Amino acid sequence: MPKPSCTAWSLLLRWTVPALLILAMFHPRGHAASVSPEEYEKNFKDFDGTVYVRFKIDEPKNFRYSVLVQCEVNPYGAEFQKVGEFSRPVKPPEAAKSPGLEPGQGEDESEAEESPEKQESGEDSGLLRAGEYSQWIQLPRSGSAQWNTSFFVKPPQPGMKLHLEFATKPSQKFIFHAYDEELSSDGIAGVLMPTGGGLEQLNRVMTYTEWARMRYEGLVKAVGDQKPAHLKKLFVGTNVDVGPTRWFGGKVSRGRAEMEFQIMEMLGVNAPDFGIHTLQGIEDAWWSELAPKYGLLTTGFRGWGDYGGIVRVPWQQFNDKETIWQTLDRVNDESFALLKEKFGAGAAFQNARSVNLGDEVGPAIDVGYLTVPKLKDAFHLYLKEKGFSPEFFGKKSWDEVTGLEVRPAIAGPGQPATGELQHYYWTRRFVNHYTALSYRAATKAVLKQFPKAEIVTVNLQAGPVQIGVMGNSNGLDGPNNMDIFELARLGAFEGLQVEDWVTTNDFAVGMVCFGADLLRCAARKRNMKTVGLLVGFWAEPRFFAWMMQGCKDIGLYLYGPVTTIGPAWADSPGEMAQIAGMTRLVSKFEDLIADGKVKTAKAAILVANTSDIMQVNGLYFGPERQHLYICLKHDYLHVDLISEDDILEGDGLKNYSLLFITDPQVREAAQKTIAEWVGAGGHLWAGLGAAGWNEYNQPAEILNPVFGIKRRHMQLQEGWQVSPRAPWLSGLWKLGFRNIDTLTVTGNSWMPALKLPVIGAKMAAEPSTGTVLGQYGDGQPGLIYNPFGKGSALLVGAFVGEAYVNLHWQGGKMGYGQVERMDLGAEARKMATVLADPIGLERPLTASVPGLYTSLMEGPRGYVIWVVDLGAKELKGVEFRVKHAGPVKKVSSARYGDCQFRMDGDDLVAVYPRVSYTHLIAVEK
């Protein structure tokens, strides 16, 4: 086999922590007027983040003006601080009070700016004259990422240059940077500000034009002579706002605009997103000219705010002449027609492929809305169609059934139902139902006005990635619950999108895979596209995680080039180089990826929205379903994710041989269907507490005969109900679980002998027909197997997923290369997959080393093998086996070129020379 190619680019990408090391390659100190370490020590070493500024305009000679200075001190919250409006410097006490410093204040008298002997009269009185400096102005300080200062010249004169001088003290002696910034068409200049003291932050102060040049030159240096990705079938986007300030900054210069197009080309961005007003900061005509030149295929736009925030239709707009659904259709039609009328003529707008209806959305109505007559009637009709009466909810009449906003106090699963639990559960179900139909009205209206749009969706909450639940992971209790499967089934959107907002490490890659797979499986029924919004530092491993589970559209959380909200990863040189590398990597096999589909599995994990609704804090079993998924993925047992509705509608279990359940609350109807499926030949693997309760938190005995038990309940560790810690972090101990026992399995002909830690809780079960295969330390049953009809069931008295992540990432070591041995956690993997081999469940793709994240895409011309490994820094000679690959012409790596392979019967075995952290392998039939 030929030696792997070792170009400078491939070596760059294989660095241990690439994003950090690339930082040195084009640091902010690289812009033209940067301060050297020697100059800093001599003149500016006491810089604490305080910046003074003065300015002037030299041309035209007869120009008179003032300048409004305003800082966006917190881009994340759109928080502004007006510094003041500044004009001609005058001697105190005649000057108006302002946050600026008067001439001479804080500097030597010899350096003070002289003020005129007398004021001019007329309308120009007190205005700055061309060639005249302003007073020194002290700017505020902020620690917010990418905060900025805007200079509004009045009257606005586009094309002029504002000369800016920045100093650490109000004196010419302490000027550390100066630049002539060309004003936008609205007469505005923007400047990036420091977030603290020190040399690096001092050199961060630069205008947006300088920043664009720094990013451009840095990318040129990073990519060298590598050709741009120029993706044609896969789509990579990011928010694009090159204006000098948030919300209408006017158009920048043609040269600045083209530089941003060049930057997007080098990054591999081919589908930028923009706001509803235009491609912000860029003339529409420039889009028509420059987009094809630099490989930009399409755009996306945000359809919320004044025009798209209409999904939450105010109750005042309901009337007696319309049903609520007719009102939703009418209001959305009117709103998006207005949107198109105001902004839709531009080429960038007309080319839009995707429309985003909202960010981190919650339900379309609050429960309090259910007192509004029209909504109340719709709620009652919904309940009547389900066959309920007011008495079912503990009420005497329908008029009393108005929705229950707060979940009744639940000390733990199994409390007696009083009607309130039923009331609460169906309130949440209706709110989700109404939300789906509300967004469906908006989606239909968008497609009517913008028929080219292929994706009309929202950015859903990060819960599926962060903690394995479908609702708002920033507020995990029930009122924020949303059932993504139902939203997809009812046609709320054309496409599904979730953001990932987790730190990159070996564990987080699995979290992203779970979220991406949840979207893939929810979208499958209506064959919708899925979109991954990729957040933050060291993007490539999570970029792979999204794509390997079927996302062909990636939104980069860059929020730039000029930020509209923080944090702004466009400000990270290392991240820019990462993105440029990963788009070039996938471009090598773009056709195969675009044509390929993730193979449908023969095993599935149930994601029961009932559990998300009914659990206190809605999370205790969300991580378990996610952790079990990661455990299975590390053992190469490919699974789909299915919902309760999938099981109940259209015989959703018929394509599966093995079903995993970890969720404690599952609808009774779904439990009955599962029991019938097992009796007909299916195989059920159930974790601790799985399906132990129904949708009203009542003990459920439907599956007891399937498990071969008389009764069961959970024994919780002391301190079970604890507040979760930072669900958006990829840590293992969000819930404070502790080891409380050990499950010992002696083994038999098909069950391996093993010992498994029992973390957080264990079960107390009394067998009937089931065989006890494992015991706790006190000899009580901890593992029960039962043949049932033509199928079988295994009841496991432990959180196997939780055990796995603790065993595999011992001591919480999840960083790149920190896993001591890739086979750590083998006991948990064996327990999780123990039913697979006896029932003949095949793994489409396996690796000779456990613990890698892999995925197999299959298309008409071949396969794509995706690999992510952050556990070990480097593995050599790894073999990948593709079952039933058939005749194979060629196997090649995006990094190394041709790979050795052999056929083992009908199976392909490809030998990969060196596995570091991300890999892409093409198999051509």
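In helix H8, the residues Ile324, Thr327, Leu328, Val331, Asn332, Ser335, Phe336, Leu339 and Phe343 are buried (buried means under 20% relative accessible area, exposed over 50%, and partly exposed in between, with a 1.4 Å probe and protein chains only). The model is a predicted one, in which local features need pLDDT of at least 70 and side-chain atom pairs count only at pLDDT 80 or more, while totals for chains, interfaces and linings use all residues. Residues are numbered from 1 along each chain as its sequence is written, and side-chain values use heavy atoms, with hydrogens and water left out.

The buried residues of H8 pack against several elements, including strand E14 (352–359) and helix H11 (420–449) (contact means heavy atoms within 4.5 Å; helices, H or I with at least four residues, and strands, E with at least two, are DSSP runs numbered from the N terminus).

Helix H23 (residues 800–808) is mostly covered, with 8 of its 9 residues buried. Among them are Tyr804, Asn806 and His808. The cover over H23 includes helix H14, helix H19 (622–634) and strand E30 (791–796).

Turning to the nonpolar cores, the largest has 210 residues, of which Trp546, Leu659, Phe660, Leu684, Trp685, Trp866 and Phe880 touch the most other members (a nonpolar core is a set of buried Ala, Val, Leu, Ile, Met, Phe, Trp, Tyr and Cys residues joined through side-chain atoms within 4.5 Å). Helix H14 (residues 506–523) gives the largest share of this core, 13 residues. A second, separate core of 35 residues includes Tyr40, Ile57, Ile137 and Val191.

Strand E6 (residues 148–154) has 6 of its 7 residues buried, so it is largely enclosed by the rest of the structure. Strand E2 (residues 64–74) is joined to E6 by 7 antiparallel bridges (two strands pair if DSSP finds at least two bridges between them). Here Val69 has Phe151 in E6 as its bridge partner. E6 also pairs with strand E9 (residues 188–192), in the antiparallel sense over 5 bridges.
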